[in-house]
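Please open the structure in a viewer and keep the selection panel at hand. The stops below are given in the order in which they may be selected.

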Amino acid sequence: MNLMMLLEMAAEGLGDRVAVGPLENGMTYRQLYEQAGMAAAQFRETDGDTVVLCDESSPAVPISLFGAAWAGMPYAPLNYRLPDDDLSSLAQRNTPGVAITDAAGAVRLSGVERLQTLTRQQFLEDPANGASPCTAPDWSMDPDDIAVLLFTSGTTGAPKSAVLRHKHLVSYILGSVEFMGAGADEATIVSVPPYHVAGVSAMLSAVYAGRRIVLFPKFDPDDWIDAVEREDVTHAMVVPTMLARIVEALDARGGEPLLGVRTLSYGGGRMPLPVIARALELFPITSFVNAYGLTETSSTIALLGPDDHRLAQYSDDPSEQRRLGSVGRALPGVELSIRDDAGTELGAGEPGEIFVRGEQVSGEYLEAGSLLVDGWFPTRDGGFTDEAGYLFVQGRNDDVIIRGAENMSPGEIEDVLLTHPGVSDAAAIGVPDRQWGEKVVAVIVLSGQTTQPPDGVVQSEIQELVRQRLRSSRVPAHVVLVDELPYSDTGKLLRRELREQHGHLGDSDC
Amino acid sequence: MVELKPGARFQSTVCTTQVIVVKGDGEAELTCGGTAMVAAGTGEITGEPAPDAAEGTLLGKRYRNPEDTVELLATKGGSGSIAIDGAALGVAEAKTLPASD
């Protein structure tokens, strides 16, 4: 198995269809295949063992991803937004290597030993760089070869390299995408950066489905709406913060619905219910898909499909409405198991840690080896399933608030906070408490229309709201108003940052 | 006889068909166009499919045996039809999963 097998099939079946870029002069599948062969030839001639990509989205991304697979080298996209020192140290861990980067990146990486840099411009003008292009399909078919190395997001601790082998990614694509399943008029806009697992899987899925890729490197909600209309985009994947901003921008334009988008998928973090509820109105005929997955699982392992979204929107049945807050059910070929701290499997409705098993699940890091036990990967995410198998993710286990030996999921409290009409975004965190070990702090953003109420009013209203809906232990001891919550550029709420910012509300002596 | 295991690739010797094993294990008589398939890259196309095994194999389609113990994916299409132990394989139905990335 090799990722190149997917591109070879697309080039054979849909050679003249545009793979990447505008319909008029984009790169076809056959051209992408040829460019990958040229890139592979150059990669093989370097002294590098790894192909590093330190750049925003451009056609160099699919060419280097497939070129690396052809050459038999792991492809390692880096987060170019990191500070210089962090970036250099991650690059260093992928040497000897060859890096594709922009002009600024070439300067930033110049101090890294045994890393040859190519600018994106050089690479796109001449991917072979004098080498004789690979044309015969002579890539390795060893399923255990490493295809992609992704640094896990690192919101806590030092980043680790997640290992995705060809067998994991190919299994994911074969298990979830129909070959040439896309119509000739379909196009998907890729807004996630290349170093995110969804940035990798988006390329592979689109190539195998035969769906044209529209690259959208610098996210801005108004530009996104314009690009969707200009490029006849039919499919989109966004992270929650992006959707929140798109919804705001559409409302600012007068709330005119976007009708061209057939499928809008979202994932990569917790979606606030009010955002998705408004999005369902602004995209009235769009199929919504909520995808849940991790870097270590080759992207999506569970999804909530279009019918479930509309059912929840229009249903009077609370259990169907509630599913809008779930991530749906496991993909075919993927098994889920909820377990307690002792490893015992739990039943429906009982919260525990989410374990996952399947051919697409890697669960392996370069530094720590494989975490799989009998094929099962402990996700570190907490959650539960309902009677019908719908999975509710409650957030990272590391983020659980422990008050008086009682484990509380921040997500459960946040869902309640977000039901307040004046609240547009909310987080619940734990800070040290002398008596209880930890106490709950609610950090909330008031929605634009709400005028700033007098001191104390918000606090008592919020506390009363939580008291009515949840056990009294969940009632926030403090309610803090902020202008915005801190998110990573891929939409993950940075809880560690929040705990640092608001830790002073806790007792300093414990 | 060839050994079917996930990831193994085979080619026809009577048409352009190539397949990769998605599911399966153990030995089986794998034919295309009525003639035994060989490991990919180890044979040449020298004949033609037999008339009773010439309905063709389509690129990108999955083929399964009735017992659902073997699944093959056609990585190249051709004019011969594939069969296991003499029984023609059927095209597996397309999945209906929505695009998630």
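Helices (H or I, at least four residues) and strands (E, at least two) are DSSP runs numbered from the N terminus.

This is a predicted model, in which local features need pLDDT of at least 70 and side-chain atom pairs count only at pLDDT 80 or more, while totals for chains, interfaces and linings use all residues. Residues are numbered from 1 along each chain as its sequence is written, chains are lettered from A and ligands numbered from 1 in the order in which they are written, and side-chain values use heavy atoms, without hydrogens and water.

Next, select Thr241(A), Ala244(A), Arg245(A), Glu248(A) and Val275(A), which are the closest to the centre of the second largest pocket among its 37 lining residues. A pocket is an open set of points on a 1 Å grid over the protein atoms alone, where a 1.4 Å probe fits, with protein on both sides within 12 Å along at least five of seven lines; lining residues have an atom within 4 Å of a point. The volume of this pocket is about 1000 Å³, taken as the space filled by probe spheres set on the points. Helix α10(A) gives the largest share of the lining, 8 residues; α11 (273–282), β24 (423–433) and β25 (437–446) of chain A each supply at least two.

Move to Ser315(A), in the loop between α12 (306–314) and α13 (318–322) of chain A. Ser315(A) is buried, at 12% relative accessible area. Its side chain forms a polar contact of 2.8 Å with that of Glu320(A); such a contact is a pair of N or O atoms within 3.5 Å, one able to donate a hydrogen and the other to accept it, and residues adjacent in sequence count only if both atoms are side-chain atoms.

Finish with the backbone. Most peptide bonds are trans, and most residues other than glycine have a negative phi. Thr95(A) and Pro96(A) are joined by a cis peptide bond, with omega about -5 degrees. Asn129(A) has a positive phi of about 50 degrees and is partly exposed at 48%.

Methods
Buried < 20%, exposed > 50% of the residue type's maximum accessible area, 1.4 Å probe, protein only.
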